[in-house]
Amino acid sequence: MSAASRAPQSTHHRRSRRRGGRRGRAALLATGAAVAALTLSACDFGGTSGGSGNTNFVAGSDGIATAAKADRKPLPDLDGKTLDGKPLNLTEAYKGKVLVINVWGSWCAPCRAEAPNFVKVAKEKKAEGVEFVGINTRDPERGPATAFEDAHDVPYPSVYDPTGKLMLRFPRGTMNPNFIPSTLVVDRDGKIAARSQQPLSEAKLRKMIDPVLAEK
């Protein structure tokens with residue numbers, strides 16, 4: 001074969017390789033975008049705590065799981081320092097109270113979306129004896145978390161838990177918080193009555209709290 005007949009074939013191969021390279025890069029970019037979208041929608045998953053087994057709670061179609069009074073598990077001992085450096089033990093500080101615990105991070109878009117709802121309901125329910133507390137997690141520095149609280153005028157404290165160690169204290173088979181954001185409602189006996197692992201509207205937050213508040 002002459003040099004003249006080989007030249008067009010070589011050019012064609014180079015063009016094919018370039019098109020193939022572009023397609024490969026496009027596929028990688030599409031995959032990266034899909035992963036980023038999934039990360040944003042799920043925010044975070046901490047699958048090291050809790051687990052399967054005889055859980056004795058019912059998950060509703062609204063994403064709220066509830067447990068009958070006889071089947072509830074005690075809230076584990078959760079303590080640490082708040083974002084402003086004060087010691088706080090949730091079990092001792094809120095004994096005998098209906099307690100709402102919100103697990104959040106300043107980096108979490110769904111947490112930012114639900115924050116105004118928590119602030120409004122917390123202020124509303126304070127007079128009814130309901131207490132709120134946050135657990136701020138996966139924020140390596142306090143600064144962004146403090147700025148988050150200031151921006152939303154959050155009226156309740158948050159325990160600073162940058163490594164998520166408090167989540168590991170929940171025993172297997174309990175309504176442990178696996179996602180960020182997660183919300184727990186604890187009854188007056190210090191037991192977990194309800195859990196949600198998605199951002200909450202005002203209506204859904206009240207729906208979690210009101211049945212527990214009505215208990216005698």
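**Note on salt bridges and cavities**

1. Lys123 is partly exposed, with 46% relative accessible area (buried means under 20%, exposed over 50% and partly exposed in between, with a 1.4 Å probe and protein chains only). The model is a predicted one, in which local features need pLDDT of at least 70 and side-chain atom pairs count only at pLDDT 80 or more, while totals for chains, interfaces and linings use all residues. Residues are numbered from 1 along each chain as its sequence is written, and side-chain values use heavy atoms, with hydrogens and water left out.

2. Lys123 makes a salt bridge with Asp153, with 3.2 Å between the closest N and O atoms (a salt bridge is a side-chain nitrogen of Lys or Arg within 4 Å of a carboxyl oxygen of Asp or Glu). This pair links distant parts of the chain, 30 residues apart: Lys123 lies in helix α3 and Asp153 in the loop between α4 and β7 (158–161). Helices (H or I, at least four residues) and strands (E, at least two) are DSSP runs, numbered from the N terminus. Asp153 is also partly exposed, at 48%.

3. Over the whole structure, the search finds 10 salt bridges. One of them joins Glu128 to Lys125 at 3.6 Å, N to O. Lys125 is buried, at 4% relative accessible area, whereas Glu128 is partly exposed, at 42%.

4. Lys126 and Glu131 meet in a salt bridge at 3.0 Å, N to O. Glu131 is buried, with 16% relative accessible area.

5. A cavity is a set of points, on a 1 Å grid over the protein atoms alone, where a 1.4 Å probe fits but cannot get out; lining residues have an atom within 4 Å of a point. The largest cavity has a volume of about 80 Å³, a volume being the space filled by probe spheres set on the points, which are joined across faces, edges and corners.

6. The lining of the largest cavity includes Trp104, Cys111, Phe118, Phe148 and Tyr156. Elements giving two or more residues to this lining are β5 (98–104), α3 (109–126) and α4 (142–152). Helix α3 supplies the largest share, four residues.

7. By class, the lining of the largest cavity has seven nonpolar, two polar and two charged residues. Here Ala, Val, Leu, Ile, Met, Phe, Trp, Tyr, Cys and Pro count as nonpolar, Asp, Glu, Lys and Arg as charged, and the others, Gly among them, as polar. Glu114 and Glu149 are among the lining residues.

Note on methods:
1 Å grid on protein atoms, 1.4 Å probe; cavity = no way out; pocket = protein on both sides within 12 Å on 5 of 7 lines; lining within 4 Å.
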